[in-house]
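User: I have a model open and want to go through it with you. Can we start with one of the helices and work outwards?

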Amino acid sequence: MDEAEFAKYIELGHENAHVIELATNHCQHMRFVESGGRGMLEEVTGLPVNSRRVECPVAIGNMSGMRLDHVTFSFYAAHCGGCEMRSPTGRLPNLETEAHARQAQAAAAEAEKAEALRRRAAERALRAERRRSLRATADPATSGILDDLDVLDPDPTVDRDVEAAKRARRRLIAIAERAGDRFEPAIIDELFDAVAIVGVTELLEPLRHLASRRPDLAERLVAAALAVLRNKPSIEAGRCLTDQFGLVEPVAVDDAVIRSVVVLAGSKTPEDHHFSGPMPVVQANDPGPLRVLADLSPAALVTQLAAMLPRPVLPSIITAPNHRLRPVSDFDRRAAAGAIEHLASTHLEVALETLSSLVLSLGVPPEDSYDPGTVGTAERALGRMLIAAPARVVEMMEEAGKHASEPTREGLVGAARHAVDMVDTDYVHRRAHDPVVSLEEAAAVTDAAFAFLLARTDESWGHRVTFSAVEIIEQMARRHTGNLAQHLDAIFGAFLTLTRQRENAPKSLLTSVTPPDPLAGMEAWSRRNSLYQSARRLLRAVELASATNPLDVCRTVATLVTNERDNELGTEVVTPLLATLGEIGRQHGDQPGVLQAILPTLHTYLVDVSPGPRSAALRAWTNIGASHALPSTVADLLPALTGDTYVVVIDAVLGAACRLPWAAQDTRMRLALYAIQVMEGISITDHFETFLAALSALRCHVPGLDALAILEKKALARVPPVEWHQASDLTDQPWQPDARVAPELAMLWLELAPRRTYGLRQHDEAEEALNGLLDCGAGLLGLPAADIINTGARHSPESFYGSMEYAEVLARAERRDDVVALLQAALDRIPNEPARSSQRALTALALAVARLHATLATELQSGAGAAVRAAINSVSATIGMCSSHTEDDRRWLRPFSRMAAIRAAIVCVLLNISTPRRLSLRLMTRRPDPAVHLLNPPIQPRCSPTAPRSYAP
């Protein structure tokens, strides 16, 4: 997040704080409850920028968001009018005064709009009267033209018929093309007046066709088109300039006309709109008028394009107001960059004049941080220039990036990526106006872009730019294998350079007297990781490019491994190179000579003294052996490998145990015992992935499912408290049925469940967590009561059903007293307010039924005692409480209260207890009409589909 975006959130936080103050002044009962996602911005700034909703004792808002203005005033309009529980502070302004002020402003705006509409209607009536007088002396064909003009210039107080207007426009164009003499001077004047006064730019199209047959109208047409373009971009006006380019005078082309032409050529269209960035104003791009102005006034065009591109704001203590840069909208900068892209194909010199402005704009973040197209359009324009003149533009980009900011350099690298994509005829996101070049031209562009990108691997532009450049090289290797095969030596050189640079931290020539940066360690780690990933991606590019001649590539890698073995960074270089050999062998091991070139090198390092190369060689051997038949080298070395105590080697051995084919039974038993040893001895906290790998090896080699289930239970018993993502990995393991019901697995599901079921729910993770708990079966008996009660109760009051779903988990284990405790804790968390009365009624209903079941478990053997009758009466009273709500609440509570009544009535019948009257009335209530039921279905809870619910309605 850059400073500009951070400032926007700061401003939003102050706006939200003001809205909260207005709400507090209006009513002290209004609360702003966090709802949805949370971020670090609020914690850092102390301002209310998290997503919130509004609620009070009377109502709960049905929307939430970060921008509280709309959320709060919508709640006020829906619930605050005439509220008897309002408790104002007496301070002004408040929501009521602000709402009245906004209503007054809206009324004034509506009145002004109505007055403007009245004036337009009066002016239109005068035009209609004038056309009526023309009809009096006109023939039928001319009258038809006037009728079509009335359709295109309708009464503003009546909704426009779009289809009728399209038909009228087509008729006028057809008449202008075939019977231009039907347009009398008076009618032509009407057409031009409608264009100039009313702004009916659609009429320029028939006038353009008319002018092609009547040259005396051309100058008037050009003047009308220029007048339209001074007000707004218009495709019809632009086509007039393209057709009559010889009549366009340079003095008549001002900045407003140039801006409209630029918008026509390069602005966003509906096809490019993806719910982010500026809204499109034209239906399609037309670069024709832009090319006319490029020939007519290139200097003025370059000046206007530069003005439509933003420049970075230089920090300064004092800046005079007249020296501050004019803000440039995303719409303007996107239109300018798109226009420059079109110019690069026909007017390269004019486009190159804008290169410096285009490069500077790359360093300015867009207004909409979620819109990649704004900066991406500038990158495409630079990429289009690179295609037109590869060597020249690459040199200019190198010079521009020497002293540029990091975002600017990222944009320059992105320009190279766009250039490579645009010359690729198989690129899936290719656009209609992308250039079509020959194979030689495409190769020249690819080579120039590759040289530019490879030069960035020296970290001179920063490690982030280095990673971006290497990522593009990898993409080039994936799509342009043949072109990159000739550059493999350069890629290997860049890999070695990156590996050496990673170990040498950059040192500053200045001595700082300020306190050390607390984030310096994280930045250093980020740099090392970025360079490491860059080096691995370079080798990935080698793997992809090796398809043309894998044998030569393997020999080159083997030679490089031999040369680098005794150097200072031997291990850092050799380890990834061995992995590259393994991947090339996996992909091309069936080709002659490939495995013979690889295996001797791997065998050498299988017995190396360093654990890093030893484990890398074993992984490479495993990668090849999973796809191709190999000698028994690893099986012969297995006694030594299984005795290795280095964790990296242990991981490699476990991987080989799972992936390689092992035919000998004694070898499989050795691997099974080895996996058991690792599983029982490894520190799970420090080496969690190794523990999972040992489990996978056990499943591959332990004979018998019963023995495997016993070992899995032992493994689960060793699991300490883990992070939520580790718990997720454990629950996703393919456990045996006996291990699935272990109490330790139930504890893992309980640790994982709150993260997946608390608050907002997405996808089916809530069902997965609850079903995982229910699948534990007998393992539920071992769950600590306090933990599951706390987890279930925390769902109240945010979730209506969450607490009852956890009550069902306890009910499956016949822990009825714990069910009562959980539901009681959930009920205590729900505020006793009118807004929560229906939720309290539902929870109280589930609690009453739970108490009835708990009472039956203790009192049933001694007969139907007073405790059972009291529990049944409690259910009856709770059902009565559900009947005292509003009609909407009763509608969705009715199915639940009926189920509770049925359960209580069954107990009464079985124990020969008189059924309370309220229960009888509920059971006799007629079922709703099926049609009404379909129109208003009851809200159903998210529950386990495997069995009927016990206590959760």
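User: What do the buried residues of helix 23 pack against?
Analyst: They pack against helix 20 (439-455), helix 21 (463-479), helix 22 (481-485), helix 24 (520-545), helix 25 (550-564) and helix 26 (570-588). Contact here means heavy atoms within 4.5 Å. Helices (H or I, at least four residues) and strands (E, at least two) are DSSP runs, numbered from the N terminus.

User: Which residues of helix 23 are buried?
Analyst: Leu488, Ile491, Phe492, Ala494, Phe495, Leu496, Leu498, Thr499, Gln501 and Arg502. Buried is under 20% relative accessible area, exposed is over 50%, and partly exposed is in between (1.4 Å probe, protein chains only).

User: What span should helix 23 have, and how far apart are its ends?
Analyst: Helix 23 covers residues 488-503, and at 1.5 Å a residue its 16 residues should span 22 Å. The end C-alpha atoms are 24 Å apart, which agrees. The expected span is 1.5 Å times one less than the number of residues.

User: What should I know about the model itself?
Analyst: This is a predicted model, with pLDDT of at least 70 needed for local features and 80 or more for side-chain atom pairs, while totals for chains, interfaces and linings use all residues. Residues are numbered from 1 along each chain as its sequence is written, and side-chain values use heavy atoms, with hydrogens and water left out.

User: OK, overall fold. How many helices and strands?
Analyst: The protein chain has 45 helices and three strands. Its radius of gyration is 38 Å, well over the 30 Å that the globule rule gives for 953 residues, so the chain is more spread out than a compact globule. That radius is taken over C-alpha atoms, and the rule is 2.2 Å times the number of residues to the power 0.38.

User: What box do the C-alpha atoms fill?
Analyst: Roughly 110 × 90 × 65 Å, along the principal axes.

User: And what share of the residues is buried?
Analyst: 48% of the 953 residues. As for contacts between residues at least 6 apart in sequence, 70% join residues at least 24 apart.

User: What about Glu814's phi?
Analyst: Glu814 has a positive phi of about 60 degrees although it is not a glycine. Most residues other than glycine have a negative phi. Glu814 sits in the loop between helix 39 and helix 40 (816-829).

User: Is Glu814 buried or exposed?
Analyst: Exposed, at a relative accessible area of 52%. Asn912 also has a positive phi, near 60 degrees, and is exposed at 72%. Asn912 is in the loop between helix 43 (887-910) and helix 44 (917-924).

User: Last one: where is Ala252?
Analyst: In the loop between helix 10 (235-243) and helix 11 (255-266). Ala252 counts as partly exposed at 22% relative accessibility.

User: What does Ala252 touch?
Analyst: Leu226, Arg230 and Val257, not counting residues up to four places away in sequence. Ala252 and Arg537 are 55 Å apart, C-alpha to C-alpha, and 285 residues apart in sequence.
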